[in-house]
Amino acid sequence: MLMKATASGTDVKTGGIALRNLQKRYGSAIAVDDVSLSVSPGEFISLLGPSGSGKTTTLMMIAGFELPNSGQVLLDEKDITRLPPHRRQLGVIFQNYALFPHMTVAENVAYPLRMRRLPKLEIETRVRRILDQVHLGPLTSRYPHQMSGGQQQRVAIARALVFDPPVLLLDEPLGALDKKLREHLRNEIKTLHKEVGKTMIYVTHDQDEALAMSDRVAVMHEGRIRQVSTPMDIYRRPADLFVASFVGEVNLIPVKLKSGAVHGPAGEILPAPAWQDADRDATLCVRPEHMRLDATASGSCGGIKGRISGMTFVGDATTFEFRSEAGLHLLSKVLNVSAKTMPEVGDPCLASWAAHDATILTE
Ligand SMILES: Nc1ncnc2c1ncn2[C@@H]1O[C@H](COP(=O)(O)OP(=O)(O)OP(=O)(O)O)[C@@H](O)[C@H]1O
Ligand SMILES: [Mg+2]
């Protein structure tokens, strides 16, 4: 964790970011709409959302490459909204790596220090140290085109870290890499985060990445933040239909909340948590791994009657498709544990779930 000495001599953590009602318009289109977010020093937070949801624009306003139409950006409680990028002390890794092609690895990484006019010897020491940290020590005199995508990405990370900024902004840093390498570098970035203790704001449209890496995730849609919470909360307690369907697979069941019970499409009573609202229409969300398809259960247990309509083997699990008597399609995901008898296509069964695994959304 980075510390800064205060006038009273005590140390405080640095690298806290606060966004206050940020708005960015391009002509009449609103790219970022009333975004507020507090990021604690040392926190790893992801901005997760589909293409065009305003992630890059938000990050560029934090970095200083875009000016908001209204709202503020604060770094450690200081208003930096109108400060030029090079005076913000934020490390930035762009959506494409943007290394200088005519410079070697060492020269690329030294660049921010040369801009800051550090003494030559100190530049050399710092560059060597950071390149060792990202395991690029042996490649210092290579040019970008002589390296793999993953290696180039590490150079970009080293270049953003070399001047020791309290905050690192990363925009889809693994976007161009294949799945295996993404997972490998994802772990490296996480380890690096633990080692250097810097605040990291990480933009991605990949939900697995966001859930696996972050302390908290901010889900964005159409320029707005829809929910900010821990990965587990985002997945288990989505705040609205967009978050429920964007993060992970989900069964959305149209229901009626009536006289203290949740009624399914055919009027059947369904397992669901207690709710506060008055009687109304709602949607019940159940994740496929929580959906049980039981051939022996009877309808009186609470659930939806129907048949298995399809199945897909996906290696470690099997996904069953279910069609209710009222025509509702549901998915159930079951781990392929050995010696377990699986239902077959056409089998009648009852789809059910534990009440605490369902979320009621009333938007
Ligand atoms: N310079 C610009 N001029 C006009 N519109 C822009 C500009 N930059 C972004 N936009 C628009 O603002 C919206 C948000 O764009 P942004 O780049 O922030 O999305 P994103 O979430 O980063 O998407 P992606 O995942 O595709 O990178 C989009 O509708 C985009 O077309
Ligand atoms: Mg983007």
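A polar contact is a pair of N or O atoms within 3.5 Å; within protein, one must be able to donate a hydrogen and the other to accept it, and residues adjacent in sequence count only if both atoms are side-chain atoms. In this predicted model, local features need pLDDT of at least 70 and side-chain atom pairs pLDDT 80 or more, while totals for chains, interfaces and linings use all residues. Residues are numbered from 1 along each chain as its sequence is written, and ligands from 1 in the order in which they are written.

Oxygen atoms of ligand 1 meet the protein at several points. A backbone N or O atom of Ser 53 lies 3.1 Å from one such oxygen. For a polar backbone atom of Gly 54, the distance is 3.0 Å. The side chain of Thr 56 places an N or O atom 2.7 Å from a ligand oxygen. On its own, ligand 1 has 640 Å² of accessible area (Shrake-Rupley method, 1.4 Å probe), and the protein covers 58% of this.

The residues around ligand 1 (a heavy atom within 4 Å) include Tyr 26, Lys 55, Gln 95 and Glu 172. Helix 1 (residues 55–63) gives the most to this shell, three residues. Helices are DSSP runs (H or I) of at least four residues, and strands (E) of at least two. By class, the shell holds three nonpolar, seven polar and two charged residues; Gly counts as polar.

Key:
Heavy atoms only, no water.
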